[in-house]
Amino acid sequence: MSRFLVLISFVSIVFFSCKENPPTYGDVLAEGFDQKSYKEFDTAAYVKVFWEVYGKQKAKLHNPSWMKQLADSTEGMTLVASHLFDGSLDTMLTYFERSEAHGIRTSYFHTIEIKETLFSLRKLKPKDVAEAYPLLAKLDLLGTDGFVAYVSGLKYGMVNPKRLYGRYFVPQKRMNYGNVARLMDSVSIGSVLASVQPKNQYYLKFQELLENGELDPAQRISVLMTLEKLRWMGEVFPERYVFVNIPEQRLHIVEEGKSRQVMNVCVGETANPGYTRKGENHETPVMQGVLDAMQVNPVWNIPSSIVKKELLASVRNNPNYLASRNMVAYYKGKQVDPATVNWNADSVEKFRFKQNPGSDNSLGNVKFLFENPYSIYLHDTPAKQMFGQTNRAVSHGCVRVEKPVDLASYLVNNEKQAERIAKEITTDSISKSRWVTLKRKMPVYLTYYTTWLDDAGKIVSYPDIYGYDPRLKEALKKYWAN
């Protein structure tokens, strides 16, 4: 059965549930508008007009191919047929008219045109039903397109962050035609629009600041970009979590919306001018996960990128480099004696390298893990002096934490175990590496907010160390009200 027939069946039940003979769509329109002329509704004639209107409106549509596919399967009736008389279109317009509370211009959803077309249709007293066809078609096209754009934008964000940033690793769901078709098959406009309103606690606070109108122009733009980033997130923050804000270069342990502990961190260095030491781009990615394990006295499996770009050059210049750094080399799973290796041979690029536990281990005395395919984690470091610098974008991508004992104690949530780990982390004598499984799994967010809120709800700003904001600002311009 086509979607058109499904829609007609639905409206038939709504308007003529007590009648024996199923009404035509013309009967539904005649009943709803109290105009007998609609009884002469001709589907074939309407479809012809619909495609004429589609040709005229196509340039305005955000998703013209989706609208065409929908219309092909519903004979030009995707949204209006089942919602013209139940108040849903007015509800939809109310949401559209309030879209500036999300920093999105109302005109993006065709709000005025939909409203005017609906008004014209309601006041129309056609002697010939064909007079209504262009209005019905325009209302359906713009209404459906606006509805889909609104649901997609509020639920997933107006732009796709993966198209802006190469190191945005939070999985993203985006609207596709399959989503649209399923949405239109069983749509309840009011409940859908209510369900896609962002509920993140920071989003709601930023909305309040936006609506109060007390922001200067620069702050307003920053807040609009933050709202979009929170739409990408698509969820509320849990009761407890670890929050690393890369531009702030700090880690927060958050409980019930308040920072219980705060510590400096070192994040990935960048090729962004003014914030780099080496010109290499090792930006810490935006990502999230669940901290579920720690390794005390960790072994560092040195990434191949570091091996090729840095380590091999050091070994070639100094044959004793590996021994001086407590490192070992492996080939095909077997440890090799550095003295027997021709380090200028191309085959050494196939070697694997590890740094054993020790006071000079690049991961310090503990690393904190959450599952991800990018070998990103939080860890201690022997280079404590870096935490006193203003610019701490100095790592190869992982996050170095200033107070590993505090973080470890919080994560294990067990006084006796915390004391043991603290002793292992701070002692001069390094024992064997061991794993600690966390009984209380802890959500962790590696985020990128240059504008955020402190615990008092006041706006705080941080330097755009990776130069991300100009790209986002440019991408969002077409959606903003002013």
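**A helix pair and its surroundings**

Start with the contacts: Glu-113, Ile-114, Thr-117, Leu-118, Ser-120 and Leu-121 in H7 meet Leu-135, Leu-136, Lys-138, Leu-139, Leu-142 and Gly-143 in H8. Contact means heavy atoms within 4.5 Å. Helices are DSSP runs of H or I, at least four residues, and strands are runs of E, at least two, numbered from the N terminus.

Ground rules. This is a predicted model: local features need pLDDT of at least 70, side-chain atom pairs count only at pLDDT 80 or more, and totals for chains, interfaces and linings use all residues. Residues are numbered from 1 along each chain as its sequence is written, and side-chain values use heavy atoms, leaving out hydrogens and water.

Back to the pair. H7 covers residues 111–123 and H8 covers 133–156. Their axes come within 9 Å and cross at roughly 150°. H7 and H8 are therefore roughly antiparallel (angles over 145 degrees).

Now Gln-57. Where does Gln-57 sit? In helix H3, residues 43–57. Gln-57 is buried, at 9% relative accessible area; buried means under 20%, with a 1.4 Å probe and protein chains only. Leaving aside neighbours within four places in sequence, Gln-57 contacts Glu-113, Lys-138, Leu-141 and Leu-142.

Last, H14. H14 bends by about 40° at Leu-311. That bend is the angle between axes fitted to the seven residues ending there and the seven starting there. Leu-311 is also one of the buried residues of H14. Those buried residues pack against strands E5, E6 and E8 and helix H15.

Note on methods:
Buried means under 20% relative accessible area, exposed over 50%, partly exposed in between (1.4 Å probe, protein chains only). Axes are lines fitted to C-alpha atoms, for helices over the stretch in contact, and angles run from 0 to 180 degrees between N-to-C directions. Angles under 35 degrees count as roughly parallel, over 145 as roughly antiparallel, 65 to 115 as roughly perpendicular and the rest as oblique.
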